[in-house]
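Please keep the sequence and the structure in view while reading.

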Amino acid sequence: SKQLIGKNDFQILSNPIHAAKLHACEKQILRSKKEQVIEISQEIPTGEIKYFLCRYKPLIHEEEVVGLIAISIDITHHKYNESLQLQKKLKEEQLK
């Protein structure tokens, strides 16, 4: 979106620890020229925590990294369902 163009991780993410994690990941990709997939969480203005699966791939031209391609998918619903299943399993084990 236009709101993200020209901004770095520290300007986009409200949590500086997550921004530093992404920044370190990006630097590693630039050095290694290898794709990485990471999961991050982000608090949005409503206070809700959103989870994203981020795939970073180096853009290579003539054996040099000239940029990064980043795709993020909102996996919040999946994480919520995962958490509910885990809670259900724990309750079932406690009842045994």
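Contact is taken here to mean heavy atoms within 4.5 Å, while axes are lines fitted to C-alpha atoms, for helices over the stretch in contact, with angles running from 0 to 180 degrees between N-to-C directions. Helices (H or I, at least four residues) and strands (E, at least two) are DSSP runs, numbered from the N terminus.

The model is predicted, so local features need pLDDT of at least 70 and side-chain atom pairs count only at pLDDT 80 or more, whereas totals for chains, interfaces and linings use all residues. Residues are numbered from 1 along each chain as its sequence is written, and side-chain values use heavy atoms, with hydrogens and water left out.

**Sheet and helices**

Three strands form an open sheet in the order S1-S2-S3, with antiparallel pairing, where two strands pair if DSSP finds at least two bridges between them. Strands S1 and S3 are the edge strands, each pairing on one side only, and the twist from one strand to the next averages 30°. Between S1 and S2 there are eight bridges in the antiparallel sense, and Gln42 stands opposite Lys50 of S2.

Helix H2 packs on this sheet and touches S1, S2 and S3, its direction making about 165° with that of S1. Helix H3 also lies across S1, S2 and S3, and runs at about 130° to S2.

| Helix | Residues | Angle to strand |
|---|---|---|
| H2 | 16-32 | about 165° to S1 |
| H3 | 76-95 | about 130° to S2 |

**Core and contacts**

A nonpolar core is a set of buried Ala, Val, Leu, Ile, Met, Phe, Trp, Tyr and Cys residues joined through side-chain atoms within 4.5 Å; buried means under 20% relative accessible area, exposed over 50%, and partly exposed in between, with a 1.4 Å probe and protein chains only. The largest such core has nine residues, including Leu13, Leu22, Ile40 and Cys54. H2, S1 and S2 each supply at least two of its residues, and H2 gives the most, with four. Leaving aside neighbours within four places in sequence, Ile40 is in contact with Leu13, Leu22, Lys50, Tyr51, Phe52 and Cys54.

Thr76, which lies in helix H3, is buried, with a relative accessible area of 13%. Apart from neighbours within four places in sequence, its contacts are Glu48, Ile49, Lys50 and Tyr51.

Lys79 lies over the face of Tyr51, at 5.7 Å from the ring centre; a charge sits over a ring if NZ of Lys or CZ of Arg is within 6 Å of the ring centre and within 35 degrees of the ring normal.
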